[in-house]
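Subject: Structure handover

Hello,

Here is the structure for you to look through. Please open it next to this email and follow along.

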Amino acid sequence: MAQEEIDLRGLKCPLPALIARKHLRDALRGAEIHIVTDDPMAPIDVPHMCRQEGYHVVAVTRDGDVARMVLKRPA
């Protein structure tokens with residue numbers, strides 16, 4: 001399965017959600033993208049965008065100020 005990691009550290013809302021949406025739109029069906037961000041709002045905004053756009057949130061983890069998200073474009 002295709003996988004892509006996008007480092008969005010240093011970017012603030014709404015950029016992480018907008019960039020994640022662009023990558024999900026461009027991804028192959030069934031592909032996962034991995035997002036790394038330090039924006040405290042991204043773990044809220046990105047899953048919200050996914051719900052609105054029909055993408056899946058596979059996982060959200062936090063390690064200090066860094067959040068990692070695994071997002072999937074439906075097959």
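Below is what was found, taken one region at a time. Please keep in mind that this is a predicted model.

E2 (32-37) pairs with E4 (66-72) in the antiparallel sense, over six bridges. Look for Thr61, which stands opposite Arg68 in E4. E3 and E4 make a hairpin, with two residues between them. Gly64 sits in that turn and has a positive phi of about 65 degrees.

Next, find Pro14. Pro14 is in the loop between strand E1 (3-7) and H1. The peptide bond from Cys13 to Pro14 is cis, with omega near 10 degrees.

**The core**

Now look inside. In soluble globular proteins, nonpolar side chains tend to be buried together. Here the largest nonpolar core has 14 residues. Leu24, Ile35, Val46, Met49, Cys50 and Leu71 have the most contacts inside this core. Helix H1 (15-26), strand E2, helix H2 (42-53) and strand E4 each supply at least two of the core residues. The largest share comes from H2, with four residues.

Leaving out residues up to four places away in sequence, Leu24 touches Ile33, Met49, Cys50, Tyr55, Leu71, Lys72 and Arg73.

**Arg73**

That list brings us to Arg73, which lies in the segment after E4. Is Arg73 buried or exposed? Arg73 is buried, yet has no salt bridge. The nearest side chain of opposite charge is Asp26, 7.0 Å away. What does the side chain of Arg73 have a polar atom close to? The backbone oxygen of Ala27 lies 2.6 Å from a polar atom of that side chain. Arg73 also touches Leu24, Arg25, Leu28 and Tyr55, among others.

**Salt bridges**

Side chains of opposite charge can pair when their charged atoms come close. How many salt bridges are there? The count comes to four.

- Glu53 and Arg21 form a salt bridge, with the closest N and O atoms 3.6 Å apart. The pair links distant parts of the chain, since Glu53 is in helix H2 and Arg21 is in helix H1, 32 residues apart. Glu53 is partly exposed, at 33% relative accessible area. Arg21 is partly exposed as well, at 24%.
- Glu53 also meets Arg25 in a salt bridge, 3.7 Å from N to O. Glu53 lies in helix H2 and Arg25 in helix H1, so this pair ties together parts that are 28 residues apart in sequence. Arg25 is partly exposed, with a relative accessible area of 47%. Salt bridges that share partners join Arg21, Arg25 and Glu53 into one network.
- Asp26 forms a salt bridge with Lys22, and the closest N and O atoms are 2.6 Å apart. Asp26 and Lys22 are four residues apart in helix H1, so about one helical turn separates them. Asp26 counts as exposed, at 53% relative accessibility.

Happy exploring.

Key: Residues numbered from 1 in each chain as written. Predicted model: local features only at pLDDT ≥ 70, side-chain atom pairs only at ≥ 80, totals over all residues. Heavy atoms only, no water. Core = buried A, V, L, I, M, F, W, Y, C linked by side-chain atoms within 4.5 Å. Buried < 20%, exposed > 50% of the residue type's maximum accessible area, 1.4 Å probe, protein only. Contact = heavy atoms within 4.5 Å. Lys, Arg positive; Asp, Glu negative; His and termini not counted. Polar contact = N/O pair within 3.5 Å; in protein donor to acceptor, adjacent residues only side chain to side chain. Pairing = 2+ DSSP bridges.
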